[in-house]
Amino acid sequence: MSSIDSVLKETRLFPPSNDFRTKANVSGMEGYYTLCEKASSDYQGFWSELGRELVSWRKPFTKVLDESNAPFFKWFEDGEMNVSYNCLDRHLESKANKVAIIFEADDGSVSRVTYRELYHRVCQFANGLKSLGVVKGDRVVIYMPHTVEAIIAMQACARIGAIHSVVFGGFSAGALRDRIQDATAKIVITANESVRGGKATPLKAMTDEALGIGNCESVEKVIVFQRTGTKPDHWSESNNIWWHQLVKGLPDVCEPEWMNAEDPLFVLYTSGSTGKPKGIQHSSAGYFLGTQVSMKWVFDYKEDDVYWCTADVGWITGHSYIAYGPLGIGATQVVFEGVPTYPDAGRFWAMIEKHQVTTFYTAPTAIRSLIKLGGDLPKQYDLSSLRLLGTVGEPINPDAWMWYHEVIGGGRCPIVDTWWQTETGSNMVAPLPGAVATKPGSCTLPLPGIMTAIVDESGAPVEPGKGGSLVITRPFPSLVRTIYNDAARFKSTYFPDEFNGKFYLAGDSAHYDEHGYIWIMGRIDDVLNVSGHRLGTMEIESALAANPLVAEAAVVGKPHEIKGESVVAFVVLKGDRPEGEAGKLIAKQLREWVAHEIGKIAQPDEIRFGDNLPKTRSGKIMRRLLRNIAKGEEITQDISTLENPAILEQLRHSAL
């Protein structure tokens, strides 16, 4: 049996209900195909029409796409607009009193902010930044808890034309320093502490450490939001200023800085295990348009929706689907400071019931961990307000997809499994929920206007059922413009010479199934070559996760002198972690299970059981660390973002 004739070859299809389809913004496959045809027949006209419909312009554009300096594409380059204006000012006439943000703090306290209130708070903080000499083009690093103030800081930067760079509050002082240095930031915005899961993290102290490590002379001021009553250990009257003191007495109206469509909106650094972090630079208009198109089509936005994306603003998902997408379209959204397991594993479900959430967007890792902690727990809550579910961050295995569909969605909610990246800025491949029949584990079809292909090493299209590299063949508005201060790296990374610079290389391996649906197999470097057979780690993980004993699994490869690579599986069971003979017996059962589901070639040579998997505080499995463990290598990279560093030692000594 080939690797693709596996658990991922799903036959189950879930078409949208007639009720959902008739009310959807894109209704039925005829609606989807009509949009695709418009994009194919007049690509620039297609995006021009969307740009005029979904973006408010100070100066309308007359040029749509400039490809003359490929791959440094320009969209709407003679137009002028402001992203903060599009998120706030344009709603004031009709939605001033509508709740923009329902904020639930870690301790459960709830506050609501209307569009009018958010507008005034953003304007006042923007004036505070201006009082410190921040001008258009200056870089501002934001190292904040996941609170309303983080969104205000981002919007205020956008309002005055400063380029923000948000650093996830779980990153170390060293990681923060690297980003401050690369961006040559003028201002750092932080908090005295963040609070997650009942635990405080001293962000101000970590900021001080980052600045003290060296070579951060560009920073002139550190603005500190007082999240808790704890006083910072160190305070510099010349360099530090409290947020509340900065804005005291300042006007709460600030005219937006009108930006060229191609002016940078933000730089967001992607973290790697080695080398300098990549500063992904996004434009103003093109990026914002991508968020609006996907809010309308993928999330099927309705005026009475209560939308909740569980990401942190430190990641691209939090940028696009918290800070900009929902506010741009005028939605009411939930913003949650805490973690899904505090004070107990029912936190997400209780919040959906309490706030009457209609659209819920979260990560497969969160779903799988919540299944393990209480698969029947959601039945204790009223989740009937939900009408649409979404997943983001990595492929979702079919077993978890079905649980999400049946237990959380009650079998009635479409699931939009979204594939996209920091670099793409917005959803690229996802089912339009009123049109495309969903299939457990597949992100299905590209959005209209997104031209994808799956190609082999020479750039030639592969046949259905054959694995290859997922590429995007035409530029689109929300695509990364460059790597900050490193155009050569941008070109070599995303438009490599082996494809003659023609395609955007996503770095993911994928294949088409018999319906033309796209299946993401994992990163290109996560596709194993075992005795000449290409095996997607996602396929083996999905097979393991489908076993009734298994809560979660992660698969990596390690060198093998005969087979080239061998398969190493890290497994979390639904019960207690087994040891000794009991562990050997379960490992044998799981090998036989994988052999049955995929084929003997995919059987793990080694299985390691753990109480958990090494994850960042945002729930992302750190597979690079698993590769280190599998190879017996010393871990030298920074692990300060790990939620559970002790798990590494457990996994290191658990081979069976």
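This is a short tour of the structure above, stop by stop, with something to select at each one.

**Before you start**

The model is predicted, so local features are described only where pLDDT is at least 70 and side-chain atom pairs only at pLDDT 80 or more, while totals for chains, interfaces and linings use all residues. Residues are numbered from 1 along each chain as its sequence is written, and side-chain values use heavy atoms, with hydrogens and water left out.

**Stop 1: the N-terminal domain**

Select residues 32–87, which an unreviewed UniProt entry lists as "domain: Acetyl-coenzyme A synthetase N-terminal". UniProt positions are given here in the numbering of this structure, the feature name is shortened, and such annotations may be inferred rather than shown by experiment. Over this stretch the chain is 48% helix and 11% strand, and the end C-alpha atoms are 27 Å apart. Helices (H or I, at least four residues) and strands (E, at least two) are DSSP runs, numbered from the N terminus.

Now pick Ala 70 and Pro 71, which are joined by a cis peptide bond with omega about 5 degrees. Pro 71 sits in the loop between strand 1 (65–66) and strand 2 (74–75). Next select Phe 76, in the loop between strand 2 and strand 3 (80–81). Phe 76 is not a glycine, yet its phi is positive, about 55 degrees.

**Stop 2**

Two strands pair if DSSP finds at least two bridges between them.

Zoom in on strand 16 (residues 306–309) and strand 18 (residues 359–362), a parallel pair with 3 bridges. Here Tyr 307 stands opposite Thr 359 of strand 18.

Then move on to Tyr 342 and Pro 343, where the peptide bond is cis with omega near 0 degrees. Pro 343 belongs to the loop between strand 17 (332–336) and helix 13 (347–355).

**Stop 2: a salt bridge**

Side chains of opposite charge can pair when their charged atoms come close. The structure holds 34 salt bridges, each a side-chain nitrogen of Lys or Arg within 4 Å of a carboxyl oxygen of Asp or Glu. Select Glu 262 and Arg 481 to see one of them, with the closest N and O atoms 2.9 Å apart. Glu 262 is in the loop between strand 13 (259–260) and strand 14 (264–270) and Arg 481 in the loop between strand 22 (468–472) and strand 23 (482–483), so the pair ties together parts 219 residues apart in sequence.

**Stop 3: the cavities**

A search of the whole structure finds 2 cavities of 30 Å³ or more. On a 1 Å grid over the protein atoms alone, a cavity is a set of points where a 1.4 Å probe fits but cannot get out, and lining residues have an atom within 4 Å of a point. Grid points are joined across faces, edges and corners, and a volume is the space filled by probe spheres set on the points.

The largest cavity has a volume of about 80 Å³. Of its 15 lining residues, select Trp 47, Gly 290, Ser 426, Met 428 and Ile 450, the closest to its centre. Helix 11 (residues 285–297) gives the largest share of this lining, 5 residues.

Finish at the second largest cavity, with about 40 Å³ of space. Residues lining this second cavity include Asn 82, Ala 158, Met 259 and Ser 284.

Note on methods. On a 1 Å grid over the protein atoms alone, a cavity is a set of points where a 1.4 Å probe fits but cannot get out, and a pocket is an open set with protein on both sides within 12 Å along at least five of seven lines; lining residues have an atom within 4 Å of a point.
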